[in-house]
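Work through the exercises below with the structure in view, and try each task yourself before you read its solution.

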Amino acid sequence: MISFTVSEAAAGQRLDKLVRKALRDVPLSHVYKMFRTRKVRVNGARGRPEQLVAAGDAVVSAGA
């Protein structure tokens, strides 16, 4: 499980790209499976791969 807060520098990025950077050792197929099975959350709500993140957003991903 990872959790982090989006920095000013990372604001405006797509959520899938941000999670891929945070989980470099995890296969891409597993990252997208985490999205499909709703294991990626932004501020407590389900995260979508195409979602743009804002500074201060709390991202939590389980199952990595």
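The exercises that follow concern a predicted model, and each task is followed by a solution in steps.

**Exercise 1.** Determine how many helices and strands the protein has, and in which order the elements run from the N terminus on.

*Solution.* Begin by counting the elements of secondary structure, which come to 2 helices and 4 strands.

**Exercise 2.** Work out whether the radius of gyration of the protein agrees or disagrees with that of a compact globule.

*Solution.* Start from the chain length of 64 residues, for which a compact globule would have a radius of gyration near 11 Å. Next take the value for the protein, which is 10 Å and therefore agrees with that expectation.

**Exercise 3.** Find which residues of helix α1 are buried, and explain why they lie on the same side of α1.

*Solution.* Take as buried any residue with under 20% relative accessible area; in helix α1, which covers residues 15–22, these are L15, D16, L18 and V19. These residues cover an arc of only 160 degrees around the axis, which puts them on the same side of α1. Finally, look for what covers the buried residues of α1, and you will find that the cover includes β1 (2–5), α2 (28–36), β2 (40–42) and β4 (58–61).

Methods
Residues are numbered from 1 along each chain as its sequence is written. This is a predicted model: local features need pLDDT of at least 70, side-chain atom pairs count only at pLDDT 80 or more; totals for chains, interfaces and linings use all residues. Side-chain values use heavy atoms; hydrogens and water are left out. The radius of gyration is taken over C-alpha atoms; the globule rule is 2.2 Å times the number of residues to the power 0.38. Buried means under 20% relative accessible area, exposed over 50%, partly exposed in between (1.4 Å probe, protein chains only). The arc is that of the directions from the helix axis to the C-beta atoms. Contact means heavy atoms within 4.5 Å.
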